[in-house]
Amino acid sequence: MKTTTLKLALAGVLGLSSLSSLAATELENLMKDDSQWAHPRKDYANTGYSRLSQINKGNVRNLKMAWSFATGVNRGHEGAPLVINDVMYVHTAFPNNVYALDLNDNQKIIWSYFPKQDPSVQALLCCDNVNRGLGYGDGKIFLQQNDGTLVALDAKNGNKLWDVKVVDTKTGASNTNAPHVIKDKVITGCSGGEYGVRCYISAYNIKDGSLAWRAYSTGPDSETLIGEGFNKDNPHYSALSVYEDVNGGNKEGGSFKALTKDQMKFPEKELGTRTWLKPQAIKNGYEHGGGPTWGWYSFDPALNLMYYGTGNPGTWNPDVRPGDNKWSMTIFARDVDTGMARWGYQMTPHDEWDYDGMNEIVLWEAKGKKLATHFDRNGFGYTFDRTNGTLLVAEKMNPFVNWATKVDLKSGVPVKDPKFSTHQDYNAKGICPSALGVKDEQPSAFSPKTGMFYVPLNHVCMTYEPVESKYIAGQPWVGATLTMFAGPDGVMGGFMAWDGLKGKSAWYNKEKFSAWGGALVTSSDIVFYGTLDRWFKAVDAQTGKELWKFQVGSGVVGNAITYSHKGKQYVGVLSGIGGWAGVAMNLGLTNETDGLGAAGGYKELTKWNAAPGGGAMNVFSL
Amino acid sequence: MMKLRYIALLAIALPYAGNAGISLVSTIDNKPLAIPGAMFDTPAAKEFMSSGKNAYLGNADAIKTGKKIFQMYSCTACHGAKGEGAVGPNLIDDKWNYAKNANDQGIFETIWAGTAGGMGAKGAGAMVPDDPTQGLSPDEVLKVVAFLRSNAVKH
């Protein structure tokens, strides 16, 4: 009897594991098939690259709108639909409706899903009612609702298979990220850096929604899942402090001098608590330390490591949270089965500008090296050895970046310019970039063919005044006021090709407004992206020369995708202006004097868009 | 003795309904707001409760304090540093989602108990129902209103 049970149990375990690897294989096969778009950024590596080449430089000027689908929802439509086996799955801004469209039957709706969410959650979404899309795996469509609920829907009929509460909105937390299926898990994040939420990243088993692991961004090593071997090859990433106070540090006139690697003390443990020095605004700063995780997660199957960035520490007033504030503003590499961190590098220690470090990490190879590249809000483009986190390149993405003069490659520490240090009740002026970053969430694309990254950019600076603010659970806890204005180029955005090895742009185009749409690059060397003044563009990957454009119904904050259906290539993008870009653009509307004369620039956005922007999917073909 | 104490308790618990005073209603559902009378504990708050007038309008000290409170409670997150609007509505132009916000009683009611459109209650006892120590006193709300009115852009 006993042996029979054991045998059955064993059979069960084997069956389960082979099932989950089958599911993983299915998704991995879909990712390899360029007629599909089965993952938020198409593949585990986050490249946004497709080998489809029917649309090429010779014929792209003939692209015509094939069809469009109005989502019936207004405001910012970030992210992109999925295309799996001749069905397109479209998501919307709040209330996060989902539509499955039959590409074999004139985009007829196969099923739809309308979540019931408490409308009050909209007040928690700091930067518009956005949702960045869906995940797919094991025959399920995953939706991460704004209200913190992760839902698994049967891809065939939209029936809800399971749901689970990822974050508690009572604490001020919410969700905007796309869930990412990695192997047999679905990974999802946390928003709430402006609410004093202690954020984390979570992995759920796709089969039944049970929690596999959860890693906090701040707090004890046991909860940030940091253990033996962490930062083994770069122990200086685990230093207790990387700056020394100048003129008292955290007060008006104070600043921070970067330590050299020789001056730093490492490796240290429990940095997620010990880098929140006393006194904090609240008893233990790390308990409300932010570190949101709402970006795009990448994965290397050979290393079994997933990569993501954590966001800003709470509150925005740096004076009331002395210390480096780990592990906010950090790129983490974690074992996807256990969640244990392999390495972690903090890009902006003791953030003074809300340079929320959650942007995507793109995985690529060059010269036989396994690399990871990240374009941070703080304005530096980083390239790492992704096996161990060794920093290879850290260069300014644009010379207007002024808060730091450089990143010391030996120590990994940014050398801050004391002129742009921010302190309570002092209005620091002329800081570049603004909190929007040189690049925000809008993902870049990488072409293994050209070896280049294609990066949508902001060109906006700011004034930043930290103020005293009170932490109350579930209430905003911001602690700074800021004003944004166009950067030195006189425009507010740009788009560039970037060489990840040299740390230099190969070409750079100015954009009138922030380029807030994610990029797509194809093997025919065409780059697609959308703009806030409603253009959907195709440019030459080698030169940046514009090849084609089409004006859609509202500004684009979504990511361009491509797929093929019955042998024909399509490209598409969601339109519907919003996101922080839409919000920031509206900031200067009432006061002409605001924004140091750039108010005219902000104002002009309303000459291109009806407000609020209406959501639609736009699809093009030859 | 028991009776007296009972009456005293009742007086604290009952909504303020002073002689010839104003009565406050929620912006969400127009129902009366239950604000303990004892919370109207400054001359300006008392004056407001009897006449609906905000004695702090134009008062430089009150405006300064109002600005601090506006920052302290992160009102700036949604409404901008001066109330010019960001993700939340502009509070210093002449367009209002709720027409009554143009007068001081109306905007007091909106701040105190919130709206159905995303604005959370900010009044003490309304902001965090199980912790009445959190939130603004009536006097503080009047100072915030004075700050906002001082930033108003004339049209």
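**View 1. A:Arg75 counts as buried because 25 C-beta neighbours lie inside 10 Å.** Buried means 20 or more other C-beta atoms within 10 Å of the residue's own, exposed 12 or fewer, and partly exposed in between, with C-beta atoms placed from the backbone. The model is predicted: local features need pLDDT of at least 70 and side-chain atom pairs pLDDT 80 or more, whereas totals for chains, interfaces and linings use all residues. Residues are numbered from 1 along each chain as its sequence is written, while chains are lettered from A and ligands numbered from 1 in the order in which they are written. A:Arg75 is not a glycine, yet its phi is positive, about 85 degrees. In chain A, the loop between strand S2 (64-74) and strand S3 (82-84) holds A:Arg75. Helices (H or I, at least four residues) and strands (E, at least two) are DSSP runs numbered from the N terminus.

**View 2. A:Asp354, a residue other than glycine, has a positive phi near 60 degrees.** A:Asp354 sits in the loop of chain A between strand S20 (341-346) and strand S21 (361-366). A:Asp354 counts as buried because it has 28 C-beta neighbours inside 10 Å.

**View 3. A:Lys278 and A:Pro279 are joined by a cis peptide bond.** Omega of this bond is about -5 degrees. A:Pro279 belongs to the loop between helix H3 (271-274) and strand S17 (298-300) of chain A.

**View 4. The peptide bond from A:Cys432 to A:Pro433 is cis.** Its omega is near 0 degrees. A:Pro433 lies in the loop that runs between strand S27 (428-431) and strand S28 (445-447) of chain A.

**View 5. Chain A has 21 residues in contact with 19 residues of chain B.** Contact requires C-beta atoms, placed from the backbone, within 7 Å. The side of chain A that touches chain B comprises 10 nonpolar, seven polar and four charged residues. Nonpolar covers Ala, Val, Leu, Ile, Met, Phe, Trp, Tyr, Cys and Pro; charged covers Asp, Glu, Lys and Arg; the others, Gly among them, are polar.

**View 6. In chain B, the axes of helix H2 (residues 43-51) and helix H6 (residues 138-150) come within 8 Å and cross at roughly 85 degrees.** H2(B) is therefore roughly perpendicular to H6(B). B:Ala44, B:Ala45 and B:Phe48 of H2(B) make the contact with B:Pro138, B:Asp139 and B:Leu142 of H6(B). By class, this contact has five nonpolar, no polar and one charged residues. Axes are lines fitted to C-alpha atoms, for helices over the stretch in contact, and angles run from 0 to 180 degrees between N-to-C directions. Angles under 35 degrees count as roughly parallel, over 145 as roughly antiparallel, 65 to 115 as roughly perpendicular and the rest as oblique.

Terms used. Two residues are in contact if their C-beta atoms, placed from the backbone, lie within 7 Å.
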